[in-house]
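Here is a quick tour of one structure, strand by strand and site by site. Have the sequence and the coordinates open as you read.

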Amino acid sequence: MAVQPPAADRRTVIENAAIATVDARDTEYARGHVVLLGNTIESVGDGPAPAGLDGVARRIDGEGHLLTPGLVNTHHHFYQWITRGLAQDAILFDWLVALYPTWARIDADLVRAATQGSAAALLKSGCTTASDHHYVFPRGAGDLLGASIDGVRELGLRFTALRGSMDRGRKDGGLPPDHAVEDTDEILAASEAAVDRWHDPSPGSMLQVALAPCSPFSVSTELMRQSAELARRKGVRLHTHGSETAEEEEFCKQLFGMGPTDYFESTGWLGEDVWMAHCVHMNDSDLAKFAETGTGVAHCPSSNARLAAGIARVPAMLAAGVPVGLGVDGTASNESGELGTELRNALLINRLHGRPDALTVRQALRLGTMGGARVLGRQAEIGSIEPGKLADLALWKVDGVLHSSIADPVAALVLGALPPLTALFVNGNPVVEHGRLSTVDEDRIARTAARAARTLAARG
Ligand SMILES: [Zn+2]
């Protein structure tokens, strides 16, 4: 069952919190207030909320807390929640080859269980909007995209479901086994049907759909071209993996006679309506093409480290004006599944470029909020705390034993341990309270996910 938005005349008031709005000027309040009206932000400012407000259903004392926009996750594979802890010491291609046969045995029930585990980890770490790139569709496995959408809806996360795809198996020079890929025409028909059935383009949408062929080494050139045409005809966005590893770059040069970015350009895959995961192996010319076209990047620092892929050039991307957001990536290559911790990991990993200001604390928070909103094309609706935007907010407790002595509350969030969440609002609804999901029994999610992982493992 879907979580219903609060009544349009109902107000929630949060006072006495430090507030990082992440607006265009990075406005902060040491002790401020936010008023939510229905599912939107009515006001934000210094000091207490205005007196005499009608319809105040709830007041929260934010003393000892930092209030930020909800975090935005730009890259994930929810189904991987039930294949965590496998292929622990492998680079991407070996890891994929080890896991493809297991993934090719998933079905709708398993996807639903895995989705709820992934979505729970996101919500419990401050994420209010997420995309999920699902690209494994075994024949006869049921309605997998529908299963993930149902699973997310029950938890109340704002969602972009990505209809992924693979049609280049081993016999066509690709990496996945032939039984794990689909037919090109079937993919295009299913992609169009998914947009028609689920994509809600209206303001405040809780569910959008985008098209997402998986990667150059698992997708035919024809499918890349036709997916781009279809997405533009239907008015939805495009997503894929790009420039993740040195091996992928080599693959592209051998098969297409050019590197990944030039290949994407040749297939119509650069533009403001496109974002790509990873973008680790990019030269200056690649970066300039992304900047010129407004192509977005989902930076996934933990997954890139886990698979020894390398360090994306985020400071150079930001300097060039490339839109950059953060991603957890699938939890088979980032077992934590938390988005909040990626703020810290992005900052630390980018400083390994050798500059202490490569990414500042506030830039890291911006990547995880407004940066992600822009990458998903929703910068007018989410990503900052401003009147008229959707009421997606995280209230972090920073006066506990782990944080109370850290001088700056934003540094407490980004540099310290991930603070406990006193409340997480999505669309005006408190979907996390005192660190626990308030929409569903999270212990049931844990049991169901464990059972699903065992079921899938037993399929061989
Ligand atoms: Zn990925």
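This is a predicted model: local features need pLDDT of at least 70, side-chain atom pairs count only at pLDDT 80 or more; totals for chains, interfaces and linings use all residues.

## Strands side by side

In β11, W275 stands opposite H239. On the β12 side, the bridge partner of W275 is G296. Strands here (E, at least two residues) and helices (H or I, at least four residues) are DSSP runs, numbered from the N terminus.

β10 and β11 pair in the parallel sense over 5 bridges, and 3 bridges join β11 to β12 (residues 296–299), again running parallel. Two strands pair if DSSP finds at least two bridges between them. Strand β11 (residues 274–278) has 5 of its 5 residues buried, so it is largely enclosed by the rest of the structure. Buried means under 20% relative accessible area, exposed over 50%, and partly exposed in between (1.4 Å probe, protein chains only).

Residues are numbered from 1 along each chain as its sequence is written, and side-chain values use heavy atoms, with hydrogens and water left out.

pLDDT is the predictor's confidence in each residue, from 0 to 100. The chain averages 97, and 100% of the residues score at least 70. Confidence is lowest in α1, with a mean of 93, and highest in strand β5 (residues 65–69), at 99.

## The zinc site

Four protein donors sit 2.1 to 2.4 Å from the zinc ion: H75 (NE2), H77 (NE2), H241 (NE2) and D329 (OD). Along the chain they follow the spacing H-x1-H-x163-H-x87-D. H75, in the loop between β6 (71–73) and α1 (92–103), and H241, in strand β10 (residues 238–242), are 166 residues apart, so this pair links distant parts of the chain. Donors are N, O and S atoms within 2.8 Å of the metal (3.2 Å for Na, K and Ca); water is not among the atoms, so sites may look incomplete.

The arrangement is irregular because the 4 donor atoms subtend angles of 88 to 174°. For reference, four donors count as tetrahedral if all angles lie between 85 and 135 degrees; four count as square planar and six as octahedral if opposite donors are over 155 degrees apart and all others between 65 and 115; anything else is irregular. H75 counts as buried at 0% relative accessibility, and so does H241 at 7%.
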